[in-house]
Amino acid sequence: MNETSRRRPNVRGQGELLREEIVTAAVGMLDELADDEALSLRAVAREVSIAATSVYLHFPDRDALVLAAMQRCHEELVRTGDDAYAAAPDPAAGLRARILAQAGWAQAHPGLYKVLHESKVHRRLGMPFKGVMVARTTDAIRRCMEAGLAPADDPAIVAIDLRTAVNGMLAQRINEPDLPWPPAVEQIDRFLTKLVGLACVR
């Protein structure tokens, strides 16, 4: 008897639970593979111990599954940043804490971070849910400016500069791990000083 035949059928109304199992399996595999093109629906089905046809009941193709997996990861990344920001004593420390939380998540999940930013699905379909992170960063920078902790400027433009620097730094660390990288926190503090205009914050 094979794995798919050993799985008990879902109780009526539990289809959403199976969908979540499929997404969870895809997230774990993508973190290991670090490449959306290497993921197959058949392999995901084996991981969940279901027939491949069952995956198609929830996702029409691999791109749709990758997109769902990346949306879950992004939501986790946003929550991680929100929690760090909420615990900070002021807007400057909050912005720093948010960026450091993002960096920590990327270092803990390099495969997922790579797929989130470099995947072919991203290029084909886009990931509009990532706008939430842009909005959070822009708002954090605006609050720094309003509090007099950063020079007045267009917070949206500054946010784009900061995100470009941070995402580029994280991507390079993932793709070129053998370079003599300085501590990530030191680079991030330089970005906050040079791009946002913050004094040294802790």
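**Figure 1. The lining of the largest cavity in a predicted model.** The largest cavity is lined by His74, Leu77, Gln102, Leu116, His117, Lys130, Met133, Arg163 and Asn167. A cavity is, on a 1 Å grid over the protein atoms alone, a set of points where a 1.4 Å probe fits but cannot get out, and lining residues have an atom within 4 Å of a point. Two or more lining residues come from each of the elements α5 (62-86), α7 (110-118) and α10 (155-175). Helices (H or I, at least four residues) and strands (E, at least two) are DSSP runs, numbered from the N terminus. The structure holds one cavity of 30 Å³ or more, and about 50 Å³ of space lies in the largest cavity. Grid points are joined across faces, edges and corners, and the volume is the space filled by probe spheres set on the points. This is a predicted model, in which local features need pLDDT of at least 70, side-chain atom pairs count only at pLDDT 80 or more, and totals for chains, interfaces and linings use all residues. Residues are numbered from 1 along each chain as its sequence is written, and side-chain values use heavy atoms, with hydrogens and water left out.

**Figure 2. Gln102, a lining residue of the largest cavity.** Gln102 is placed in helix α6 (residues 91-108). Gln102 counts as buried because its relative accessibility is 6%. Buried means under 20% relative accessible area, exposed means over 50%, and partly exposed lies in between (1.4 Å probe, protein chains only). Leaving aside neighbours within four places in sequence, Gln102 is in contact with Leu77, Tyr113, Val166, Asn167 and Leu170. Contact means heavy atoms within 4.5 Å. Among these partners, Leu77 and Asn167 also belong to the cavity lining.

**Figure 3. Met133, another residue of the cavity lining.** Helix α9 (residues 131-146) holds Met133. With a relative accessible area of 4%, Met133 is buried. Met133 touches His74, Leu77, Val78 and Arg163, not counting residues up to four places away in sequence. Of these, His74, Leu77 and Arg163 are also named in the cavity lining. His122 is eleven residues from Met133 along the chain, and the C-alpha atoms of the two are separated by 16 Å.

**Figure 4. Ala25 in helix α2.** Helix α2 covers residues 15-33. Ala25 counts as buried because its relative accessibility is 11%. Not counting residues up to four places away in sequence, Ala25 touches Val44, Glu47 and Val48. Arg46 is 21 residues from Ala25 along the chain, with 9.7 Å between the C-alpha atoms of the pair.

Figure 5. Ala34 is found in the loop between α2 and α3 (41-48). Ala34 is partly exposed, with a relative accessible area of 23%. Ser49 is found in the loop between α3 and α4 (52-56). At 21% relative accessibility, Ser49 counts as partly exposed.

**Figure 6. Leu195 in helix α11 and Ala199 in the segment after it.** Helix α11 covers residues 184-196. Leu195 is partly exposed, with a relative accessible area of 31%. Leu195 touches Val158, Asp161, Leu162, Ala165 and Arg190, not counting residues up to four places away in sequence. The C-alpha atoms of Leu195 and Asp139 are separated by 15 Å, and the two residues are 56 residues apart along the chain. Ala199 is exposed because its relative accessible area is 55%. Asp189 is ten residues from Ala199 along the chain, and their C-alpha atoms are separated by 9.1 Å.

**Figure 7. The whole protein, for orientation.** The secondary structure comes to eleven helices and zero strands. Along its principal axes the C-alpha trace spans about 65 × 40 × 30 Å. Of the 202 residues in the protein, 41% are buried. Among contacts with a separation of 6 or more, 67% are between residues 24 or more positions apart.

Methods:
1 Å grid on protein atoms, 1.4 Å probe; cavity = no way out; pocket = protein on both sides within 12 Å on 5 of 7 lines; lining within 4 Å.
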